[in-house]
Amino acid sequence: MADLVKQILTKPIQLADQVIKAADEASSFKQECTDLRSKTEKLVALLRQAARAGNDLYERPTRRIIDDTEQVLEKALALVLKCRAHGLVKRVFTIIPAAAFRKMASQLENSIGDVSWLLRVSASADERADDCLGLPPIAANEPILCLIWEQIAILYTGSVDDRSDAANSLVSLARDNDRYGKLIIEEGGVGPLLKLMKEGKTEGQENAARAIGLLGRDPESVEHMVHAGVCSVFAKILKEGPMKVQAVVAWAVSELAAHYPKCQDLFHQHNTIRLLVSHLAFETVQEHSKYAIVSKATSMHHAVVLASNNNGNAVNTVNKVVEDDDRNHIPHPLGNKKPNHMHSVVATAMQGQMKPPQQNPVNGSNQTIQAKVSGNNSVKQNHVNHHTQHSLSSSGVSMGNKGRELEDPATKAYMKAMAARALWKLARGNSPICRSITESRALLCFAVLLEKGPEDVQYNSAMAVMEITAVAEVDADLRRSAFKPNSPACKAVVDQLLRIIEEADSDLLVPCVKAVGSLARTFRATETRMITPLVKLLDEREAEISKEAAIALSKFASSVNYLHLDHSKAIISAGGAKHLIQLVYFGEQIVQSPSLLLLCYIALHVPDSEELAQAEVLTVLEWASKQSYLIQDEEVESLLQEAKSRLELYQSRGSRGFH
């Protein structure tokens, strides 16, 4: 930086020396030239001071101010050169207005003010002391820019507390105006913000993380921050930082992923998914085998569970790490004192997930322990002690996180809400990330949190499940591996989705309906319990809910669903036909199209249904075929004609009420 600054300052210093020399040689307007010479001497002294302090100067305003100063000195030199003696005739015909000297003197004063401000703003906190920087003359046209310069300069050279305040000021600016956010990025604010996140106190780290999240409002800005190393800094904080900072970082991750989906894979490469799931699982489920989340054993002496095989050799792979004894047992975060249905589901899932030795994804080494039955209690005790010691440095939970249980409930709840939000945004449209999430305990966590979590935790969990199931709908491998009908985690999630749909009175309804629709191809023929509550949503609901219910049911009745016949009959049995007829005739336009599509599927698959005949569905389809706005889609038009043909074939005029 020092060499660059010296290079920038070389020309203006040379120009200033030329102005001084030319002013000494002036033969006309001597007084005016003397005034200009005095101001130029003051300016060049500041320029030389800036050259000596080159390594400490903040580059962005340095370039802008020195460029302007150079232009002023060029004009000053041209003006002073006109005052030199070049013969009587030239002196007579060279006319210099007095206003030109006044204007030039003012410009030199402005340059002096700009360079003085640059030296002050680039000074260290001790040198700057309590001196009020004010705004330089260059700020006349764009005062916000200079305010941004000042705050970023403090981030570079200020004390820890000053840097925290500066980050908070940038948060306010970025929140107020998108353009200010772009200026902060353009003026080099991302680097010192990331540095503050690594070095600052808790408050400073929070402010810096919040600023980063607010700055990521468009793909270009997020891409710039990714290149600056934001992924690695965020991963380090999520692993080792204070929970308050981790929560803000999780929120920032969600913002960056939402505005620039290409960064999803980069966060994945930095183990962000694993770290977020660990925060979601903390005090939600007691074990997290894939990612070695520390679990609580009921007793130090019973941490290792031994199972005997038929030959009498007891070998058990233990995938959990003992962190502490029974005295510090962490209660369920939701405060319920009695075991409930979800707790039994989670317990069953935990037992079902005990797997053979697997590789720890963090350090690449096998963290499995095999204990043979020998009746020697000392072996068991050593086994426990080894894992107690290992848990302190386990990759899933660092020493810095050992005190997480001491955080206040509000911070824990906010952490879970933001972790769920980050997973929601990271999972959107990304199969590898969804696979990583579903291979962990995240689905069980979502099931627990959907049942008893705080409102924002429930909503973000529902949205995360919605995005994961949306990806599973188009990714057959993910659908088969993550949402197997006999999977305890899948059952737990589906139970909660169904409960919310049956209650039908919360903000979670739409994402849960979408999630069930995405899972339509995973349900067995006998699994029809979700059809009836979805059909009920077709009746006298808000247009948005009726639309999503119709779309979800269409995925059950669609021809691509192997069990479309069973599901279509279930929809008819639940009274879906009469609701769909009302929606096609009288519903809002956003509801009419999906309702018509569903009605066509049902008519196509069960054309001999007496219920459809009694409801005069054929008449509805004939009416719809004449409404141009309903058949704009070629696929819908083709399906409508096919459904009509099937109904005409199977239903007589008499069965349709024509006698």
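Is Asp475 buried or exposed? Select Asp475 and you'll find that this residue is buried, at 12% relative accessible area (buried is under 20%, exposed over 50%, partly exposed in between, with a 1.4 Å probe and protein chains only).

Before moving on, note that this is a predicted model: local features need pLDDT of at least 70, side-chain atom pairs count only at pLDDT 80 or more, and totals for chains, interfaces and linings use all residues. Residues are numbered from 1 along each chain as its sequence is written, and side-chain values use heavy atoms, leaving out hydrogens and water.

Asp475 sits in the loop between α22 (455-474) and α23 (476-482) and Arg435 in helix α20 (residues 431-439), so the pair ties together parts 40 residues apart in sequence. Helices here are DSSP runs of H or I, at least four residues, numbered from the N terminus. Arg435 is partly exposed, at 26%.

Next, stay in helix α23 and pick Arg480 and Asp477, three residues apart, about one turn of the helix. Their side chains meet in a salt bridge at 2.9 Å, N to O, and Arg480 is exposed at 53%.

Jump to Arg163, whose salt bridge partner is Glu199, at 3.4 Å between the closest N and O atoms. This pair links helix α8 (residues 160-176) to helix α10 (residues 190-199), 36 residues apart. Arg163 is buried at 8%, while Glu199 is partly exposed at 46%.

Last stop: select Lys514, Glu544, Lys547 and Glu548, which are linked in a salt-bridge network.

Definitions and conventions:
Salt bridge = Lys/Arg side-chain N within 4 Å of Asp/Glu carboxyl O. Helix = DSSP H or I, 4+ residues; strand = E, 2+ residues; numbered from the N terminus.
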